[in-house]
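Please look over the structure below before reading on.

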Amino acid sequence: MTPGSDSDCVDDLKRAFSVYDQTVDVVSCWQSYFTWAYKDHLTFFDRYPEVPQADLTPDFTVLLGNYGLVGEVKRSFPREDLPFDRTLEQIQHYDAPMSIKSNSDGSRVVPETQDIMLLLFSPSDSYAIARRIRERIEDGRLSVQNNLVLVEAFFENTEPRSRYVFRKVHTDNRPFRDSLLPKELRLEEVLGLHKESIKVYPEHFKDFKVKEVFCNDNPPPLYTAVYLWTKVFFTLLDKEQIATWRKGNPRRSVPLLVEIPSLTAQINSAFVRGGSVRTSWISDALEFLRVCDLAMKESPGKFTVQYHNLSSHSYADSAREGGSDVTQATEEYVDTLARRYCEGLTKEVVPPPPATTTGPHQTRLPVE
Amino acid sequence: MMREIETLGQLRPDTSGLQLSDVWSVVDSIAESDPRYKVRLITFHSGGDCSEIFRRTHIEGFEVVRHDFSDFWTFDLTRTVSRSNIEGGRRVVSGSFGLFKANSTGIWTAFTSEGPDFFSMALTRFIEECRPQISFVHLTSDQLRQLFERLEAKSGCEVWVRKAVVYSHREEGEIGFKKKPARVLFNFAEREDDYVDKVEYVLQSNGEATLHAFASRDGVSYFFGGRMGYFTDMVLPAFAEEVSQSSELLAGRQRDSESGGLNPLAIVYKRNVFGRPEDNSHLIRALGNLDRSGLAVLHRNPYVHAAFLDFVDGSTFDIFVTGQNRISIIPGYQSSVYSLERLTEQIFKDFHEGKVEEDSQPSYTLSDFLTE
């Protein structure tokens with residue numbers, strides 16, 4: 001196989017990357033919205049909620065005094081009844097009175113009123129989904145004590161600025177029970193009664209995205225690998241390594257020994273402050289880099305990364321000595337790492353796929 | 001030793017108390033008598049005492065000796081270039097240069113009357129090797145225009161362009177420009193959406209040239225002849241002030257290591273430069289073409305979010321397109337003037353020239369999220 005020619009493999013990886021990135025955007029949109037618009041009423045926005053006793057990880061929770069909102073982003077709903085019902089079962093787990101984080105120290109409260117906001121991201125059939133859910137509630141197949149409120153989310157490419165738009169599904173839906181809030185801030189007033197939509201522009205959410213980086217779903221290893229390569233690994237180099245690079249060829253590899261637990265702890269304390277980056281995310285990313293032939297597993301939890309500039313564009317010794325900018329197709333790391341991974345896969349001895357798998361990469365490709 | 005100091009030494013054996021103004025007087029008189037005489041200068045930003053950085057920084061292949069004077073320094077500089085494609089495997093370039101600090105914060109100028117080989121192969125390369133503590137500065141076409149307008153206003157003379165090099169943002173190749181008033185050059189560049197790279201000019205009064213000089217957007221100036229006073233009293237201070245303001249804006253932008261707070265910048269355009277999807281690709285291509293850097297494109301269309309890493313010093317930036325006339329640059333925990341100069345100049349050259357501004361601290365209300 002020609003290196004990187006498995007376009008399905010590369011496309012799958014890049015699609016998973018993009019899906020995750022958009023989920024990060026959506027969560028960042030809501031964090032921005034509640035942080036700015038509810039600044040006098042927001043108790044806490046939890047981007048990495050965990051409900052240990054129930055092993056639940058919704059995409060975010062919001063505590064506004066005595067009103068709580070559990071947010072779950074869904075990219076798609078299965079069409080067939082059985083998997084559709086299974087998806088609802090997961091959401092139903094959020095139905096119990098849930099303790100929600102009330103500050104960054106980890107204190108929790110169970111709010112007086114709690115709603116579940118199901119964010120249907122770019123569905124073509126959100127009204128059909130709402131109808132199917134209502135049917136299940138009416139015939140008793142689905143029992144929800146807390147409200148399950150459906151909100152459509154999509155990216156709108158409008159002039160002069162593109163934006164994320166959030167709009168309540170107006171039929172077969174339930175109201176937000178946020179009457180504890182001032183009238184003008186009630187989601188039911190804004191999204192329900194007045195049928196307005198919430199518009200969030202990149203300038204609104206960019207700061208949250210930069211600071212938080214991840215969301216509460218497991219990221220595709222490609223996403224974490226790109227983050228490590230562009231934001232973290234360089235900071236782990238010593239002065240000598242950096243100096244060597246500054247003067248010499250930046251494509252020269254520098255070996256970097258990393259240990260998963262300490263690297264994870266460092267990211268959560270110094271990079272994604274207060275974040276909940278899991279060791280499994282880092283472990284998956286390093287394993288991904290191993291397949292890319294950019295890391296070697298030394299022992300359980302320890303990898304040596306061969307760190308360097310992945311861009312193959314030549315570099316000018318000195319632009320003022322006749323070096324010049326290089327104009328060629330843009331190379332960027334998401335694409336480069338995806339190609340290297342797919343190329344690496346073909347070199348690995350791939351065990352025969354289990355009988356239930358449907359594709360050649362299913363056992364190895366990151367699954368959202 | 002510099003030729004100018006040697007000349008002064010013939011008049012007064014003890015040269016230790018020499019002042020920069022003494023050097024400029026000698027430059028004036030040599031320029032008057034020697035038509036081949038030329039002073040080359042390079043202005044740059046330094047994060048600390050540049051004279052000490054030059055003295056203490058050990059760079060392989062360079063030898064440097066400092067001499068102290070009243071308000072300036074001179075350096076004897078030797079560079080040994082070892083390369084297999086050079087006859088004999090090595091070549092030595094040596095000479096002397098002067099250094100002084102401008103009144104503007106962080107701005108220094110090195111100058112020499114040695115030839116072009118010493119200037120580019122030894123002096124400029126030596127300064128470049130002191131990165132990222134020392135950073136080349138850049139002026140946009142608009143800043144160059146303002147510089148010439150100020151020079152005209154202050155001197156009462158008119159700036160005429162003898163030769164200029166103008167580049168298109170998108171196409172290879174330069175556009176020559178000859179013998180026109182400076183304003184015609186800048187109007188032309190603005191109309192054609194080109195950028196001005198280099199200008200050889202004369203300052204003219206009643207048809208008589210009072211200064212013949214050269215300026216480039218990357219801080220290089222030449223004094224060819226005329227009255228050095230115009231150059232030292234008007235051109236250089238105005239240049240220093242302009243680049244000082246730009247550099248100061250780029251300084252200290254790294255994220256707060258305690259709070260994690262952001263210190264973003266914005267590149268703002270007078271007109272809309274992001275109207276079509278290919279404009280995003282154009283920006284991404286510009287970012288991806290910068291040497292010694294890495295780029296990851298997280299979101300390509302319709303809004304751009306890219307992560308940029310400078311392999312020279314580890315500076316990182318998140319770059320967003322946040323409007324049709326606005327790019328937001330959010331520095332990470334490592335950010336240097338050097339790297340931001342590199343990044344913004346790359347955007348200005350390969351994409352479009354804009355103005356770097358402080359990105360105002362956001363503050364939004366409910367209506368900002370509801371308004372159509």
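The paragraphs that follow describe this predicted model, beginning with chain A.

Chain A has 368 residues, and 41% of them count as buried. Its secondary structure consists of 10 helices and 12 strands. Among the contacts in chain A with a separation of 6 or more, 67% are between residues 24 or more positions apart.

The domain assignment divides chain A into domain 1, residues 7-211, and domain 2, residues 218-347. Taken over C-alpha atoms, the centres of these two domains of chain A are 33 Å apart. Where the two domains touch, domain 1 of chain A contributes 10 residues and domain 2 of chain A contributes 13. The side belonging to domain 1 of chain A is made up of 7 nonpolar residues, 1 polar residue and 2 charged residues.

Next comes the contact between the chains. Here 49 residues of chain A meet 44 residues of chain B. On the side of chain A, the elements that give two or more residues are helix H1 (7-37), strand S9 (197-200), helix H5 (202-212), helix H6 (221-232), helix H7 (239-247) and helix H10 (333-347) of chain A. Of these, H5(A) gives the most, with 7 residues. By class, the side of chain A that touches chain B holds 21 nonpolar, 11 polar and 17 charged residues. A contact here is counted when the C-beta atoms of two residues, placed from the backbone, lie within 7 Å. The size of an interface is also often given in another way, as the accessible area lost when the parts come together.

Strand S11 of chain B, residues 220-226, pairs in the antiparallel sense with strand S1 of chain B, residues 39-46, over 4 bridges. In this pairing, Ile42(B) stands opposite Val220(B) of S11(B). S11(B) is also joined to strand S10 of chain B, residues 208-216, by 5 bridges, and these two strands run antiparallel as well. Here Leu211(B) is the residue opposite Gly226(B) in S11(B).

What lies between the strands in the hairpin of S10(B) and S11(B)? There are 3 residues between them, and in this hairpin Gly219(B) takes a positive phi near 90°.

Conventions
Residues are numbered from 1 along each chain as its sequence is written. Chains are lettered from A and ligands numbered from 1 in the order in which they are written. This is a predicted model: local features need pLDDT of at least 70, side-chain atom pairs count only at pLDDT 80 or more; totals for chains, interfaces and linings use all residues. Domain bounds come from an automatic or database domain assignment. Ala, Val, Leu, Ile, Met, Phe, Trp, Tyr, Cys and Pro count as nonpolar, Asp, Glu, Lys and Arg as charged, and the others, Gly among them, as polar. Two strands pair if DSSP finds at least two bridges between them. A residue is buried if 20 or more other C-beta atoms lie within 10 Å of its own, exposed if 12 or fewer, and partly exposed in between; C-beta atoms are placed from the backbone.
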